[in-house]
Amino acid sequence: MHLHDRIIPYLKTADLYHLARLNSQWFWVDEPLLKAFIERWRPEMHTFHMPFGECSITLQDVAYQLGLPIDGEPVSGCLTEFENLMEHGKPAWVWFCELFGELPLQSKVKQMTVCYTWFHERFRVLPADATDETNANRVHLRWLPYLASLDDLGRYNWGSAALAWLYRCLCRGTNRNVVNLAGPLQLLQSWIFWRFPTLRPSGFDVFGFHLASRWATFLLRNDPGDQRSVSARLSLDRLRVHDFVWEPYSSAEVGAVIHPKILADEHLGYWHQVDRVLPQFGSLQHLPEPALNIDWLHAKDGRGGDRWFPTYYREWHQHWENRLHSIIWVDRVLDPGPSSDYLEWWCRVAHRFLSPDVAFQDPRPIVLTEEARRRHLLECTFTTDQITGK
């Protein structure tokens, strides 16, 4: 979809313009590599389990990689009865018609959702006489409560929403019956490339802000998918603690290009559960506390009912409102990483390797030619004659 000049001011107000500019050069994702990481994702902890310990994508990564705000009002609401959000209890489809100027064909509607193809066909080209109200109508139905007034977009915590959605998709991907990947996968892949130098493509030494744009021209190799899956899984099995960059954003090169907003204290990302990945914040990793059990939340899919989320999930909304009282204070050290106690515990309790044992042997086949066999026999005979004195 062409980014019209009249839409740009709204995107800038919402602090989303830098992402919209990537429309024409967003990099490809390496699905076999991502699947290898999903195999190591643990939903109960929201961390990747690696041979050297745990690691994860945090709010800090979202701020640096995508430049999204990780502070502000939560992205929440209601997926069905939008009149809960509206003055005078206006029905959702009446509101939709007022915002878009028309209703989609019934074939384009399923319950409370509208096919993206309708939005693309209807609004792909902005009319020359479009009013400001028309400019504001670039949105899936479920997001109408937020986008009805684009001027207010900047006050929402879109970074947390992106991370929560990625977590959700990773947790769903661990189900053996799920075959499709979804979510902000460019965030995941950029995080991998920044954190794991041995998995990083070569030739991407120059970068700017936001950091995910570093891989804008990345293209996939032509190797067969199954072969790349096996290779990616084995690469993860062979990782050592020095193969992971605990603090990729602390370098002078990153500091020279990063937006000043990201360097503010609120972008440190300490107000969510990071106690299992403390080295990523410059600290020593000790034995972690048991993970918070949120199995009942994993069972929710947002379908059905008309529950008003700020009421239904009141406890979590209040927890977010009081986030400044829940900051995890991190004691920084010169050499962050796992402690010896942690590594001993991790080697004892973790399922560190996923490849079969044979994969750790020398993969090069040893084929002896007939000439080599005769040479070996002659050498053995010569050695025997020397020993016996013949």
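Predicted model: local features only at pLDDT ≥ 70, side-chain atom pairs only at ≥ 80, totals over all residues.
Local features require pLDDT of at least 70, side-chain atom pairs count only at pLDDT 80 or more, and totals for chains, interfaces and linings use all residues. Residues are numbered from 1 along each chain as its sequence is written, and side-chain values use heavy atoms, with hydrogens and water left out.

A nonpolar core is a set of buried Ala, Val, Leu, Ile, Met, Phe, Trp, Tyr and Cys residues joined through side-chain atoms within 4.5 Å. Buried means under 20% relative accessible area, exposed over 50%, and partly exposed in between (1.4 Å probe, protein chains only). The largest core holds 55 residues. Those touching the most other members are F37, F48, M50, L188, W191, I192 and F196. At least two core residues come from each of α3 (31-38), β2 (47-50), α4 (59-66), α9 (158-173), α10 (185-195) and α11 (225-237). Helices (H or I, at least four residues) and strands (E, at least two) are DSSP runs, numbered from the N terminus. Another core, of nine residues, lies apart and includes W95, F96, F100 and V114.

Helix α3 is largely enclosed by the rest of the structure, because six of its eight residues are buried. These are P32, L33, L34, A36, F37 and I38. Beyond neighbours within four places in sequence, M50 contacts (heavy atoms within 4.5 Å) F37, R40, C55, F196, L236, L239 and W346. C55 is buried, at 0% relative accessible area.

No disulfides are counted, the criterion being a pair of cysteine sulfur atoms within 2.5 Å. The sulfur of C171 lies 9.3 Å from the closest cysteine sulfur, in C169, too far for a bond.
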